[in-house]
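Hi there,

Here is the structure I promised to pass on.

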Amino acid sequence: MSMTFKQKGDDDYFIRLLSYLRSQFKENIIEMVPFRKSVILIKTDNNTYMLKGFHTNKRLKLQEAFTATLRKEGFSKTYLFVHPVIKEPLFFEGTYFGCMEYIPPNKNSFSFKSQKNRQEGLELLEQFHLATSSFESRYRTLIPKGIIIEKWKDRGKIFSSNLSFLKYFINEKILEELTNWANWSLTGMENDRSLFINEPYCILHGDVAHHNFLRDTKGVLHLIDFDLISIGPACLDYLQYANRILPSLDWSFDQLSRYSQYENLLDEKAFLHALAFPADIFREWNRLIREGTYRDQSKYNQIMDLTIGQFYSRKKFIDTLKLLTK
């Protein structure tokens with residue numbers, strides 16, 4: 001029996017968890033690798049599982065049902081929850097655990113720095129939306145509606161409330177520019193809400209970060225982690241995806257426009273306004289201040305690159321958006 005720790009944390013917790021799992025599994029556990037407190041790899045004599053923890057059993061059952069529906073509707077590039085022989089449902093120290101299929105990862109991890117990956121990620125997201133559009137009506141009472149304007153207003157308010165603190169890190173003129181971008185973006189989105197209301201609905205992934213795309217050992221790309229699913233127009237996922245890949249495109253509007261999934265969206269003024277909102281900058285600074293991790297040099301360097309290092313490329317991109325929306 002071996003246990004490998006891939007994350008810093010409460011070793012005692014994982015030792016207690018391992019003891020609990022060994023008491024519940026009928027299979028002999030030979031290895032346990034915690035990735036996070038709620039994401040754990042388990043190897044038995046014959047199988048490998050990913051265990052994922054949820055705060056409520058209702059949330060676990062929703063994820064089990066959703067991934068099963070995805071598979072039934074033809075979207076196979078993700079995991080399913082499985083049910084190994086155990087004594088009783090897994091519940092440990094306030095967390096409900098579900099067992100998922102293990103997808104062996106490719107030695108080359110997925111990154112938005114690759115043109116091939118960016119294109120494949122978009123195509124996979126498009127397939128996901130196509131599948132979920134066929135059954136989103138069945139989940140309308142189970143998952144929240146995707147909202148964007150109200151969410152970003154709240155994020156902007158928190159960022160503004162932190163301005164007195166942020167001035168120690170960021171030049172006031174840059175802070176003013178960031179705030180102006182946010183206001184211009186939200187005003188344009190509010191003036192043409194129809195894009196976010198009238199477009200056909202599907203189930204949105206809600207977190208299209210690079211770590212939620214997983215390429216397996218055979219080279220097949222999978223979409224994982226559906227914790228933030230919601231009901232709404234596909235453009236909201238594409239908006240978030242654009243925000244994720246634009247730094248790898250050096251904030252080039254021309255390069256973004258070459259992806260067919262954006263061809264029609266870039267004709268929509270509301271979408272162009274939405275692209276200007278500095279959602280990533282606001283999110284990361286709000287989190288850094290909330291968690292008090294600004295003393296972490298690695299995190300500090302990353303957020304400063306996002307805010308300052310990319311500032312002039314992003315400014316040029318937003319100036320282009322302003323010209324296109326006149």
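**What I found**

Leu228 touches Arg59, Leu204, His205, Gly206 and Asp207, leaving aside residues up to four places away in sequence. Please keep in mind as you read that this is a predicted model. Leu228 sits in the loop between S10 and S11, and with a relative accessible area of 51% this leucine is exposed, since the cut-off for that label is over 50%. Its C-alpha atom is 23 Å from the one in Asp216, and the two residues are twelve apart along the chain.

The loop that carries Leu228 also holds Asp225, between strand S10 (221–223) and strand S11 (230–233). Asp225 is not a glycine, yet its phi is positive, at about 65°. Is Asp225 buried or exposed? Its relative accessible area is 17%, so Asp225 counts as buried, the limit being under 20%.

Trp251 is another non-glycine residue with a positive phi, here about 55°. You will find Trp251 in the loop between helix H8 (235–245) and helix H9 (253–257). Trp251 is buried too, with a relative accessibility of 5%.

How do H11 and H12 run relative to each other? The axes of helix H11 (residues 279–291) and helix H12 (residues 297–309) come within 10 Å and cross at roughly 150°. Angles over 145 degrees count as roughly antiparallel, so that is how H11 lies to H12. The crossing of these two helices, H11 and H12, is left-handed. On the H11 side, the residues that meet H12 are Asp280, Ile281, Glu284, Trp285 and Leu288, and their counterparts in H12 are Lys299, Ile303, Met304, Leu306 and Thr307. Sorted by class, this contact of H11 with H12 has six nonpolar residues, three charged ones and one polar one.

Finally, the nonpolar cores. The largest has 86 residues, and Tyr262 and Leu275 are those with the most contacts inside it. Which residues does Leu275 touch, not counting those up to four places away in sequence? They are Leu239, Ala242, Leu256, Leu266, Phe317 and Leu321.

Happy browsing, and do write back with any questions.

Best wishes

Terms used. Residues are numbered from 1 along each chain as its sequence is written. This is a predicted model: local features need pLDDT of at least 70, side-chain atom pairs count only at pLDDT 80 or more; totals for chains, interfaces and linings use all residues. Side-chain values use heavy atoms; hydrogens and water are left out. Axes are lines fitted to C-alpha atoms, for helices over the stretch in contact, and angles run from 0 to 180 degrees between N-to-C directions. Helices (H or I, at least four residues) and strands (E, at least two) are DSSP runs, numbered from the N terminus. Angles under 35 degrees count as roughly parallel, over 145 as roughly antiparallel, 65 to 115 as roughly perpendicular and the rest as oblique. A crossing is left-handed if the near helix is turned anticlockwise from the far one by less than a right angle, and right-handed if clockwise. Contact means heavy atoms within 4.5 Å. Ala, Val, Leu, Ile, Met, Phe, Trp, Tyr, Cys and Pro count as nonpolar, Asp, Glu, Lys and Arg as charged, and the others, Gly among them, as polar. A nonpolar core is a set of buried Ala, Val, Leu, Ile, Met, Phe, Trp, Tyr and Cys residues joined through side-chain atoms within 4.5 Å. Buried means under 20% relative accessible area, exposed over 50%, partly exposed in between (1.4 Å probe, protein chains only).
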